[in-house]
Amino acid sequence: MSQGEKEFCFCTLALGERYRSHGLLLAQDIEKHSPGTKFVILTDKPQEFSNYSHVLAFPHQQQSIGCYHDKRFVIAQALSLFNTCIFVDVDIRILDKIAPNLKFLPGVTARSCTNIVKHNQVYISSVKDLHKPKRTRDLEIVNKLAQKLDLNLEDENTQFVMEMLFVVTRQDGREIEFLKHWETIALYCELNGFYGAEGYAIGLAAAKAGLPVRWDAMDGIVYFKDWVERQKIKKGQANPDETLIYFQQHEAIEYRQNSIFQKLVRKLDKFIGYYYRSLCLRLATLSNFNFYYR
């Protein structure tokens, strides 16, 4: 690391035109509000970020079925270069100056986290009756997985981590073990049809690796996330006029008009990709048959 270079970086995953467009806006925000901070991106088209000197863009193709667990590859790449990485969802916006001397303790630091059992109680009670069977099955998968990993979900150290904004700091190589366990957990969850389980995977992998998970308000990072901001506005905690431009930019990307041909190509890519990654998943899990299939 060169003299004067920061020990932390921002990082994200940007696959596909929609997410690359979000990534370009986020790159501008980081350049403006955190000068000198590197931004590590795993993306299918690194060349699109070539105009930004602070962006370190690495080629990546989707590996996990739901794509959610590909975040672990981002963390791995970022930690190979920096002591601390701040993962942000690619559609997050940074709204204000970030202190140049941000410091985080070793382990995982989360903007939002809670014990898994407590999270599950709130989670299942908030789900509509129509979706309860699927959600209940997801939680059964987490319970069985915890048994296989010999983890106690009631332990306060076993946390659910909200994955839109969290930090990982190196700790004597435990972060490497954390990433290995995340892979094991990701494969198990996807094998059983629970694709969006990365919040559980982060917490379970950290607990298994002995990597502490801490809550931090992260007041030094002022950000915009569409659904978070909508909740604040609904509760009267935010002025909608102040973030109107960010909603407009977000929706312009999310609801961009595509031709019928583009839609067909996307559906075909999604169809082929799903079955290809499903086959790779089956092959990968056969190497530990007892863990994944019994």
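Student: Are Tyr-188 and Phe-291 buried or exposed?

Tutor: This is a predicted model, where local features need pLDDT of at least 70, side-chain atom pairs count only at pLDDT 80 or more, and totals for chains, interfaces and linings use all residues. Residues are numbered from 1 along each chain as its sequence is written, and side-chain values use heavy atoms, with hydrogens and water left out. Buried means under 20% relative accessible area, exposed over 50% and partly exposed in between, with a 1.4 Å probe and protein chains only. On that scale, both Tyr-188 and Phe-291 come out buried.

Student: How many residues apart are Tyr-188 and Phe-291?

Tutor: Helices (H or I, at least four residues) and strands (E, at least two) are DSSP runs, numbered from the N terminus. Tyr-188 belongs to helix α5 (residues 174-191) and Phe-291 to helix α10 (residues 289-293), so to speak distant parts of the chain, linked by this pair across 103 residues.

Student: Which residue lies over the face of Phe-291?

Tutor: A charge sits over a ring if NZ of Lys or CZ of Arg is within 6 Å of the ring centre and within 35 degrees of the ring normal. At 5.4 Å from the ring centre of Phe-291, the residue is Lys-148.

Student: Why is strand β4 largely enclosed by the rest of the structure?

Tutor: Thr-84, Ile-86 and Val-88 point one way from β4, Cys-85 and Phe-87 the other way, and all are buried. β4 (residues 84-88) is largely enclosed because the buried count is five of the five residues.

Student: In which sense does β4 pair with strand β9?

Tutor: Two strands pair if DSSP finds at least two bridges between them. Thr-84 has Thr-169 in β9 as its bridge partner. Over five bridges, β4 and β9 (residues 165-169) pair in a sense that is antiparallel.

Student: Which backbone oxygen lies 2.9 Å from a polar atom of the side chain of His-54?

Tutor: His-54 is in the loop between β2 (39-43) and β3 (55-59), and its 7% relative accessibility makes it buried. The backbone oxygen at 2.9 Å from its side chain belongs to Ala-27.

Methods
Polar contact = N/O pair within 3.5 Å; in protein donor to acceptor, adjacent residues only side chain to side chain.
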